[in-house]
Amino acid sequence: MPTRPNRQLATFDNPSPGRDYWIRHECPEYTAVCPVTAQPDFGTIVVLYVPDRKCVELKSLKLYLGSFRDQGHYFEQVTNQILDDLVRAVRPRRMTVIGRFNVRGGIATQVVARHPQERRRRPGGDRPAARTGARARGAKAP
């Protein structure tokens with residue numbers, strides 16, 4: 001197995017594929033550079049998943065995350081890219097990647113990406129039709 005940062009994620013067979021159980025990896029050494037200022041960015045990447053047939057091998061995960069070090073990435077983009085790459089490698093039943101990024105410009109940022117994508121109603125979308133008449137003006141129903 002390589003020892004230098006790279007984008008290859010190694011896997012191994014899930015020892016209990018007949019059971020749903022969660023695996024949590026917390027990687028506090030994420031680094032990259034800001035794509036606008038080229039200043040260093042630091043953060044913690046948390047990977048939570050329910051494996052199906054494969055699990056991610058930890059050394060390869062560490063080297064994968066290290067491969068972002070000298071590249072410019074927006075927090076939103078890199079969190080979703082990590083999720084996409086991990087889903088492609090291990091094909092989990094469920095997975096969440098949380099990027100908790102250190103303060104930049106006085107703002108701390110957390111990005112959460114999930115697989116499969118949750119279907120939620122969007123704010124302002126699918127609203128019921130507007131009420132009319134006495135009930136719309138606050139009158140109580142009889």
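Tyr30 is buried, and Phe101 is buried as well, where buried means under 20% relative accessible area with a 1.4 Å probe and protein chains only. This is a predicted model, in which local features need pLDDT of at least 70 and side-chain atom pairs count only at pLDDT 80 or more, while totals for chains, interfaces and linings use all residues. Residues are numbered from 1 along each chain as its sequence is written, and side-chain values use heavy atoms, with hydrogens and water left out.

**Aromatic rings**

- A search of the whole structure finds four aromatic pairs, a pair being rings of Phe, Tyr or Trp (its six-membered ring) with centres within 6.5 Å, called stacked if the planes are under 30 degrees apart, edge-to-face if over 60 and tilted otherwise.
- The pair of Tyr30 and Phe101 is edge-to-face, because the ring centres are 5.6 Å apart and the planes stand at 75°.
- Tyr30 belongs to strand E2 and Phe101 to strand E5 (residues 94-104), so this pair ties together parts that are 71 residues apart in sequence; strands (E, at least two residues) and helices (H or I, at least four) are DSSP runs, numbered from the N terminus.
- Tyr64 and Phe68 also form an edge-to-face pair, with 5.3 Å from centre to centre and 85° between the planes.
- Tyr64 counts as buried because its relative accessibility is 0%, and Phe68 is buried with a relative accessible area of 0%.
- Ring pairs link Tyr30, Tyr64, Phe68, Phe75 and Phe101 into a cluster.

**Nonpolar core**

- The largest nonpolar core has 26 residues, of which Ile45, Tyr49, Leu61, Ile82, Leu86, Met95 and Val97 touch the most other members; such a core is a set of buried Ala, Val, Leu, Ile, Met, Phe, Trp, Tyr and Cys residues joined through side-chain atoms within 4.5 Å.
- Helix H2 gives the most to this core, with seven residues.

**Largest pocket**

- The largest pocket holds about 210 Å³ of space, a pocket being an open set of points on a 1 Å grid over the protein atoms alone, where a 1.4 Å probe fits, with protein on both sides within 12 Å along at least five of seven lines, and lining residues having an atom within 4 Å of a point.
- Among the residues that line this pocket are Pro5, Tyr30, Lys62 and Arg69.
- Strand E2 (23-33) and helix H1 (58-66) each supply at least two residues of the lining, and the largest share, five residues, comes from E2.

Methods: Points joined across faces, edges and corners; volume = space filled by probe spheres on them. Buried < 20%, exposed > 50% of the residue type's maximum accessible area, 1.4 Å probe, protein only.
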